Amino acid sequence: MSRPRIVVTRRIPQPALDLLNAAGDVWLSPHDRALTREELFDAVQSADAIICLLHDKIDADLLDAAGPQLKVVANVAVGYDNVDTQAIASRGTVWFTNTPGVLTEATADIAFSLILMATRRLGEGERMIRSQTPWSWNMFFMLGTGLQGKTLGIVGLGLIGQATARRAKAFGMEIVYSGRRQADPTIEQELGARYISFDELLETADVVSLHCPLNADTRHLIDADRLRQMRSDAYLINTTRGPVVDEAALAAALRSGELAGAGLDVFEAEPKVDVGLLDLENAVLIPHLGSATIETRTAMGVLAATNAIAVLRGEEPPSPVVRAS
Ligand code: DGY
């Protein structure tokens, strides 16, 4: 029997490549960058499996370019706004998988790092030292906001939202959350989390942390009006996907003092960042580092490879999003 053709659109950790090499003939992109649309179309021709990354747009045209033998698309990410899941589902013959669970703790670490950086002005302090700006300790020097007794509003209490809430609880914060549905009572109890409306969350939370997926309903969920609803001493944290926030509106709110601060790991048009954010001392900006640990990226690659290999063997993959019928 011929070995399946497995297309890997960009380098992934070696343990994942080792698994794939044992399972089929792997084509690995030779480029240290995202493939262009044209290169992607060329690469996927006759593929049985595509291992893709969050910058690869997977849609009906790409599925056509791959051909009818395609059996699985395995995204090496938990978020999959890069994938037209309807187009995959309508084929009926292609599985689509993602990588939930393995990046929960790493991403929550980054969400909480951003909360601390924003509220305690750590980026600003570091910039001051590095620029050799004269400073001296005094009782009022670079005061930030303490977290104990403050309220964290989690938008989307999924795995990463819960892990962020767990960290916040250890810091003495109260937890409220909003989302499409109320969490299991055991989760609410463990976190001491209270389910409230999105409006109430925005109006009351000291820190709002976004953990909802990006989709048609959540694009610009936080726009100028929503920012106005937030308290002027509140902070906004985004570790999900950039387009959930209207970046230009956020920059304006931070500049005018309508909002105290923000911590962003993700941006609307990555790797570009709205220029209005760049000179703001009250914006902490980091380059999509949520899952960026050696352990986590390895686990993501291995899970994606395991998903693809399971499908190629005719088995159920560990983390399906779309099933072939
Ligand atoms: C994901 O998996 O969706 C993350 O954004 C990658 O860091």
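**Exercise 1. How many helices and strands does the protein have?**

Solution. The secondary structure comes to 13 helices and 13 strands. Both are DSSP runs numbered from the N terminus: helices are H or I with at least four residues, strands are E with at least two. This is a predicted model, where local features need pLDDT of at least 70, side-chain atom pairs count only at pLDDT 80 or more, and totals for chains, interfaces and linings use all residues. Residues are numbered from 1 along each chain as its sequence is written, and side-chain values use heavy atoms, without hydrogens and water.

**Exercise 2. Where do domain 1 and domain 2 lie in the protein?**

Solution. Start with the bounds, which come from an automatic or database domain assignment. Domain 1 covers 5-101 + 294-322. Domain 2 covers 104-285. Next, take their C-alpha centres: these lie 32 Å apart. The contact (heavy atoms within 4.5 Å) takes six residues from domain 1 and five residues from domain 2.

**Exercise 3. Which residue forms a salt bridge with R241?**

Solution. Apply the rule: a side-chain nitrogen of Lys or Arg within 4 Å of a carboxyl oxygen of Asp or Glu. Across the interface of domain 1 and domain 2, the rule finds one salt bridge. D81 pairs with R241 in a salt bridge. Their closest N and O atoms are 2.8 Å apart.
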